[in-house]
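Please examine the sequence and the structure shown below.

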Amino acid sequence: MKDSRLKGIIALVVVTILAFGVIYGSKILVKDETGNNNQTQEDLPGAIDVTGAEGIVSAREITDDSGTVTAYSVVAKAKGFAPPTNPVTWEVIFENDAKTIKEVKIVSHGETPGYGAAMEESSYLDQFKGIPAPIYLKGKAPVSDAATDTPNVSGGLQDGIYSARTEEADSSGFIYLLTIKVENGNITSVVFDAMNREGEYKSYLSTVGEYTMTEDGLTWKEQADALANYILENQSIEGLTVDENGKTDVVSGVSISIDDFLELTEKALVKAASGEGAEAIGTGDTGVVAAGNGEVGEIDGVSGATVTTDAILQLVNNAYEFISAYAGK
Amino acid sequence: MKLKVGNDLHEVSPHIEINRSTKVIMQDVVIAMIPALLGAIYFFGFNSLILVLAAVTTCVLSEYFWQKIRKEQLTVSDWSTVVTGMLIAFNVPSTTPIWAVMVASIFAIIVVKQFFGGIGSNFANPALMGRALLIFLWPASISGYVTTYHSATDAISSATVLGLYKTGSDFSRFSKWDMIIGNIPGCIGETSALLLLIGFAYLCYRRVVNIGATSAYILTVLLVTYVFARDGLFRGDILTNLLSGGLILGACFMMTDYASVAPRVKVTLAIIAGLITAGIRLWGMLPEGVSYGILVANCLSGIIEIIIRPHIYGVKVRKHKG
């Protein structure tokens, strides 16, 4: 009996050593074949410094043979359902406008099979192709009443879409974003919104009652729309006076401080005057909606995985915020 | 054969002298799992070893203290708790928190094994019940699959090949050779078919396992997943189904449980487990199915033993007329 076991153990040890020899040998062969495949984003040409950018793992410019930037790749992460050690990490590739999503790839995730892991389905990932950032869940994009007919006033502005954002978050953690669209020299839409670190938009939060100011006054989104309407009607910010607290009496029902709104509108109008950083006006592909006064992408959530969906929204929008700031658009 | 009744040991039939105790068998199983354990360390790092040690230690201590408190005969020395602990760790990815495998180990030993009377009396495989507990209570804790240290990709964590296959995603970056040697994401003890089969060959040499049950389980899963494939009839990917999940680990080390003795019953249960595993892989929400397949078969063992009565020595089978 003991001899039988001893023989068995000896055979087991010998065969195991041989097996590891085969495994190790194949590793060397694979290494030779793959060459530099183990390069990380940081090692690749065109790497962008992401120091201090929250949620951004790496980023790089993708260039053609002549050195022209053809796209941007941003690897971003956000905590999903899995523990923080396994965040949802995607590579988001933007067109060279730093806004239109060319493609998304899953780098890693620890989401639950059958739930959040359903993000791996190609049909889910394909919906991101060609849509503009920022992205929202379908039906939750901020739709502004201000996107209406506008007076045909010549403003000397160049056609295109112009965006501006605050560099630092306010005390509540919101970064303010403003986008204007100029057609035939006129401002035809204005989107004013704010996004927090979780990727949640103030317009949406105020609509669903998660961001309230007063019980009976206009919601934050309604006030943002009212301000946008003022720009559309007047084609400028002249006359939009503020007091020492940054508040205005010019637009009825608006009680929020409009310093950020004024600053961003001015920035966008300066860009529009020179045509600097103009984005082409989109054609309204699938998944693209006129959100308020601009265009954003709309996606489906991962079925049955709200937390994972939120992580995806957050990381894609973080990637967009980062790369649009880097590209100066 | 010796039967313990109360505090007395009774000699009962059959009076065949065999020199193979539970301890020897369990030691053989542990020895057989060592190649796969070495593979886990090689592919997923020393965290794999830490998880195995944590699970084994917790299992051993759980059983020891439970039996001490209950003033029962200590059975820790039979090595069965070591096997349970190793299997619990083998069934989780290397990113699993240590507390999770410890909770699973305590549950497996105390609730699944000791509550039901100890070794041989447990209604289901304790290790798989421990895994099922984690899936039920803390699914995120055992979902952090990672690519191996020797993967050609630069990803850190990844879906399993079986998960990618189920969702129709591209898994071409993992070759069949990777699946054979274990260079793929997965639970630490399940990825290397090569090393698992080496261990299984040792068990076969030692005549510890029922190769019929193992074969029946694997063949059933492969047959059903091949015939009723996602892409159409008779279009299943046999090798991916065989090599990319926990099928070989389950078939070689967990399907061969000692809950049932009669070979016919074991084979029948293996086929049932195979059907359930294949059903989950094809039509279920989860990509795997080995754990639940074997657990359901474990739970059905009682009724199957009644239906398929083993032949009783010295008794003729009476033929029913009309």
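The model is a predicted one. In chain A, five strands form an open sheet in the order 1-2-3-4-5, with antiparallel pairing. Its edges are strand 1 (47–48) and strand 5 (101–108) of chain A, each of which pairs on one side only. Strands of a sheet pair through backbone hydrogen bonds, in either a parallel or an antiparallel sense.

Individual pairings can be followed within this sheet. Strand 3 (residues 69–78) of chain A is joined to strand 4 (residues 88–95) of chain A by eight bridges, in the antiparallel sense. Within strand 4 of chain A, A:V92 is the bridge partner of A:V74. Helix 6 of chain A packs on the sheet and touches strand 1, strand 2 (56–63), strand 3, strand 4 and strand 5 of chain A. The direction of helix 6 makes about 40° with that of strand 4 of chain A.

Strand 4 of chain A also runs antiparallel to strand 5 of chain A, and six bridges join the two. Here A:T89 stands opposite A:S108, a residue of strand 5 of chain A. The hairpin formed by strand 4 and strand 5 of chain A has five residues between the strands, and in this hairpin A:A98 takes a positive phi near 60°.

Helix 6 of chain A comprises 22 residues, 306–327. From its first C-alpha to its last, helix 6 reaches 31 Å, close to the 32 Å expected at 1.5 Å a residue. Because 16 of its 22 residues are buried, helix 6 of chain A is largely enclosed by the rest of the structure. Just after helix 6 of chain A, A:G328 takes a positive phi of about 70°.

Attention now turns to chain B. Chain B contains 13 helices and four strands. Of its 322 residues, 56% are buried. Among contacts in chain B between residues at least 6 apart in sequence, 71% join residues at least 24 apart. The accessible surface of chain B comes to about 14800 Å², and carbon and sulfur atoms account for 67% of that area.

Buried means under 20% relative accessible area. B:C59 therefore counts as buried, at 0% relative accessibility, and B:C187 likewise counts as buried, at 1%. A search of the whole structure finds zero disulfides over all chains.

Technical notes. Residues are numbered from 1 along each chain as its sequence is written. Chains are lettered from A and ligands numbered from 1 in the order in which they are written. This is a predicted model: local features need pLDDT of at least 70, side-chain atom pairs count only at pLDDT 80 or more; totals for chains, interfaces and linings use all residues. Side-chain values use heavy atoms; hydrogens and water are left out. The expected span of a helix is 1.5 Å times one less than its number of residues. Buried means under 20% relative accessible area, exposed over 50%, partly exposed in between (1.4 Å probe, protein chains only). A disulfide is a pair of cysteine sulfur atoms within 2.5 Å. Contact means heavy atoms within 4.5 Å. Accessible areas come from the Shrake-Rupley method with a 1.4 Å probe; for residues, only the protein chains shown count as cover. Two strands pair if DSSP finds at least two bridges between them. Axes are lines fitted to C-alpha atoms, for helices over the stretch in contact, and angles run from 0 to 180 degrees between N-to-C directions.
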